Amino acid sequence: MKIRRLSQEVEVGKVKIGAGAAIVVQGMTKTATEDIAATVGQVRELTQAGAQIVRIALPTIRAARALCQIKQEVEVPLVADIHFNYRIALEAIEQGVDKVRINPGNMGERGLLSVANRAKDKGIPLRIGVNSGSLEKSLPGNNLGERRASGIKDKSHLQIMADTMVQSALRTTALLEEEGFRDIVISLKAADVLTTILAYETISDKIPYPLHLGVTATGPCPQGIIKSAIGIGALLAQGIGDTIRVSLIGNPLEEIKLAYGILESLDLFKEKPVLIACPTCGRCEVDLESIVEEIQLAIEKIRTPLMIAIMGCEVNGPGEAKQADIGIACTRKGGVLFKKGRIVGKVAEKDIVKVLLEEIEKLSRESEN
Ligand code: SF4
């Protein structure tokens, strides 16, 4: 893992983004915002699942006017997602939103400046959210759609698209800076993973602002999961990125789960147990899959950073189990139990789940004391 890129700090409500703060996980509602009860319900569900900031689409002034009431009923900072009409952003700011995401591809300069000035008065940040599907028509390089549609997608194409996205962000940033506005977060999302990575890599040493990572329009799962994990993961592994939002079709709670999965896989979130399990093969003589499923379900609510290894045989089993806080290496006759690197007993297959859970709970209690 490379050293984390240092960015300036931006505060969204009480949540800090950038300047070395832990990577912030964001979610987005999918309800009609005007349906206040449904939106409040989904914001709460997202928060419970671990979203630290929640974005809400505001396609109309009416939706923006619903914000004030939604805000009163939830604790998490809310971000207004605005396209086209800067007046909706102004209304959202009036209603007390904690941050505004604007798209420079579909909002004119006059509108952007009005929003920035109002945001400055209220002390809230803006995200310049560049999206490969809605770039400014005036930007050179914004004619790549036709080439892609005709199947041309070489490296230079990806770089041109990435450069065009970067240009959009830099142009908007310069415009806001001229107005004295620097409370900025930037995102550069493309539907293509390589373009997304190139765009963030290119901008990362050109501006001091925090970067919000995401791959957009990822398509159906598992493709959406794979694209998000590779795009966001590759950037975080390079030390790039301060906040992330996974975009998937379907239940928005899955986005939060995957976001934490990405952070856990890169050791960027360590507040839950990590489960290591082998894929099993012809050597495995126990029902490892069921054991893993039961343990996974049982530890879902535990908030202790433990490493648990459940391995199918003596090939890699003892090695992985030894390196874990608690581990089991299965054999034909059951499992060999390891705790903090030492063998502490043998367990019959029928008792593996029970014994592992007892040990996990014990370790969890010990670490709390
Ligand atoms: Fe197969 Fe053993 Fe490796 Fe599991 S640990 S995948 S059972 S060789």
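This is a predicted model: local features need pLDDT of at least 70, side-chain atom pairs count only at pLDDT 80 or more; totals for chains, interfaces and linings use all residues.

I230 belongs to helix α8, which covers residues 223-237. Together with I225 and I226, I230 makes up a nonpolar patch on the surface. The accessible area of these three residues together is about 250 Å².

P222 lies in the loop between β9, residues 212-213, and α8. What is the form of the peptide bond from C221 to P222? That bond is cis, with omega near 10°.

Let us now step back to the whole chain. The protein chain contains 12 helices and 15 strands. Along the principal axes, its C-alpha atoms fill a box of roughly 75 × 50 × 35 Å. The chain has 369 residues, and 52% of them count as buried. As for the surface, the chain exposes about 17,300 Å², of which carbon and sulfur atoms supply 51%. Contacts may also be considered by separation along the sequence. Among the contacts in the chain with a separation of 6 or more, 64% are between residues 24 or more positions apart.

For an example from the interior, consider S187. Is S187 buried or exposed? S187 has a relative accessible area of 1%, and because the cut-off for buried is under 20%, S187 counts as buried. S187 sits in strand β8, which runs over residues 184-189. Which residues is S187 in contact with, once its neighbours within four places in sequence are left aside? They are R127, I128, G129, V130, Y200 and H212.

I come next to two residues with backbone angles that deserve a remark. In general, most residues other than glycine have a negative phi. A19 is not a glycine, yet it has a positive phi of about 55°. A19 is placed in the loop between β2, residues 15-17, and β3, residues 24-28. With a relative accessibility of 37%, A19 counts as partly exposed.

The second case is T280. T280 has a positive phi of about 70°, although it is not a glycine either. Where is T280 found? T280 is in the loop between β11, residues 274-277, and α10, residues 288-298. T280 is partly exposed, with a relative accessible area of 37%.

The chain carries 47 positive and 46 negative side chains. The centres of these two sets lie 2 Å apart. Side chains of opposite charge can pair when their charged atoms come close. How many salt bridges does the structure hold? The structure holds 20 salt bridges, and I shall present a few of them.

One of these joins the side chains of E11 and K16, at 3.1 Å from N to O. E11 is partly exposed, with a relative accessible area of 39%. K16, at 39% relative accessibility, also counts as partly exposed.

Helix α12, which spans residues 352-368, holds both E358 and K354. Their side chains meet in a salt bridge, at 3.9 Å from N to O. E358 and K354 are 4 residues apart, about one turn of the helix. E358 counts as partly exposed, at 41% relative accessibility.

There is a further pair in helix α12, namely K362 and E359. Their side chains meet in a salt bridge of 3.6 Å, N to O. Why are K362 and E359 separated by about one helical turn? They are so separated because they are 3 residues apart in helix α12. K362 is partly exposed, with a relative accessible area of 34%, whereas E359 counts as buried, at 12% relative accessibility.

One is the nonpolar patch of I225, I226 and I230 on the surface. The other is the cis peptide bond from C221 to P222. Thank you for your attention.

How values were computed. Residues are numbered from 1 along each chain as its sequence is written. Side-chain values use heavy atoms; hydrogens and water are left out. Patches are made of residues with over 30% relative accessible area and no salt bridge: like charges are joined within 9 Å, nonpolar side chains (Val, Leu, Ile, Met, Phe, Trp, Tyr) within 5 Å. Accessible areas come from the Shrake-Rupley method with a 1.4 Å probe; for residues, only the protein chains shown count as cover. A salt bridge is a side-chain nitrogen of Lys or Arg within 4 Å of a carboxyl oxygen of Asp or Glu. Helices (H or I, at least four residues) and strands (E, at least two) are DSSP runs, numbered from the N terminus. Buried means under 20% relative accessible area, exposed over 50%, partly exposed in between (1.4 Å probe, protein chains only). Contact means heavy atoms within 4.5 Å. Lys and Arg count as positive and Asp and Glu as negative; His and the chain ends are not counted. The place of a charge is taken as NZ of Lys, CZ of Arg, CG of Asp or CD of Glu.
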